[in-house]
Amino acid sequence: MDQTPLPFSLASQSTLELRGTRSVTIRQSGNNKTRATASLAVAADGSKLKPMIIFKGEPRGTIATRELPVSQYANQLALCCQPAAWQDNENMVVWIDECLVPHIQQRADGAPVVLFLDHFRCHYSDTVKARLDTIGVQLKLIPKGCTSVVQPIDVGVNKPFKDRIKYLWWAWMIGFGEDGGNIPTPSREDVQHWVVEAWNSIGVHIIQNAWRKTDLSYFPEE
């Protein structure tokens, strides 16, 4: 399991124009600094856990208590708010209860469960370790500096996931046409839709290949 930022605007940082052009117009959606965080996890059998999206806001504010619970994607995502739109001790426990526990109940079938996490502080707080102990999950911390080598999410899942998010963002942008009008900031529901579509399109082979590239691989070479 690991986190990845979700910018609401994914405009390209490069352009193609004739040499000597004095100005290049870039069309992008409004408020391009807004972002959320996605917490993604994959299992050693090639399956995916329910994703979590953390939006900016108070954990018990209006967005968290009135808007997110009635989202059409509430059954497919764990949704919460945090002042900086980041993972912390409180929503890490929410992830355990809403994403990890249901997956264990559906697929573990009594087998021992090990959770690999990096050294992000909230991953090994006393609160998180106590909750994992309660449900019988063994926590293994990935050595510092090794996340890009042995963390399956980083090794082979993040890039195809974010490529799909960007494709969906471009499709959303194109839907506004070419009349040059202002494009609004994507809504939180737009972002939820993109995450659901992108995550559902990540196939088992992508996940298995990510595990194969690490020393944690559970899959024989085909």
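Modeller: Helices are DSSP runs of H or I with at least four residues and strands are runs of E with at least two, both numbered from the N terminus. By that assignment the protein chain contains seven helices and six strands, and along the sequence these elements come in the order β-β-β-α-β-α-β-α-β-α-α-α-α. The model is a predicted one, in which local features need pLDDT of at least 70 and side-chain atom pairs count only at pLDDT 80 or more, while totals for chains, interfaces and linings use all residues. Residues are numbered from 1 along each chain as its sequence is written, and side-chain values use heavy atoms, with hydrogens and water left out.

For 222 residues a compact globule would have a radius of gyration near 17 Å, and the 19 Å of the protein chain agrees with that; the radius is taken over C-alpha atoms, and the rule is 2.2 Å times the number of residues to the power 0.38. Along the principal axes, the C-alpha atoms fill a box of roughly 60 × 45 × 30 Å. Among the 222 residues, 44% count as buried, that is, under 20% relative accessible area, with exposed meaning over 50% and partly exposed in between (1.4 Å probe, protein chains only). Of the contacts (heavy atoms within 4.5 Å) with a separation of 6 or more, 75% join residues 24 or more positions apart.

Turning to charge, the chain carries 23 positive and 23 negative charges, whose mean positions lie 5 Å apart; Lys and Arg count as positive and Asp and Glu as negative, without His and the chain ends, and each charge is placed at NZ of Lys, CZ of Arg, CG of Asp or CD of Glu. Side chains of opposite charge can pair when their charged atoms come close. The structure holds five salt bridges, each being a side-chain nitrogen of Lys or Arg within 4 Å of a carboxyl oxygen of Asp or Glu.

One of these joins arginine 107 to aspartate 45, with 3.0 Å from N to O. The pair connects distant parts of the chain, 62 residues apart, since arginine 107 belongs to helix α2 (residues 89–107) and aspartate 45 to the loop between β2 (35–40) and β3 (52–56). Both partners are partly exposed, arginine 107 with a relative accessible area of 47% and aspartate 45 with 37%.

A further salt bridge is formed by arginine 188 and glutamate 67, whose closest N and O atoms are 2.8 Å apart. Here too distant parts of the chain are linked, with arginine 188 in helix α6 (residues 188–200) and glutamate 67 in helix α1 (residues 62–67), 121 residues apart. Arginine 188 has a relative accessible area of 27% and therefore counts as partly exposed, and glutamate 67, at 30%, is also partly exposed.

Aspartate 163 is partly exposed at 41% relative accessibility, whereas lysine 159 counts as exposed at 59%.

Beyond its neighbours within four places in sequence, isoleucine 153 is in contact with Met1, Asp2, Leu40, Ala41, Val42 and Asn158. Its C-alpha atom lies 8.8 Å from that of glutamine 3, although 150 residues separate isoleucine 153 and glutamine 3 in sequence.

Returning to α2, alanine 108 lies in the loop between α2 and β5 and, apart from neighbours within four places in sequence, is in contact with His103 and Val113. The loop between β4 (78–82) and α2 holds alanine 85, which has a positive phi near 60° in a residue other than glycine and is buried at 1% relative accessibility.
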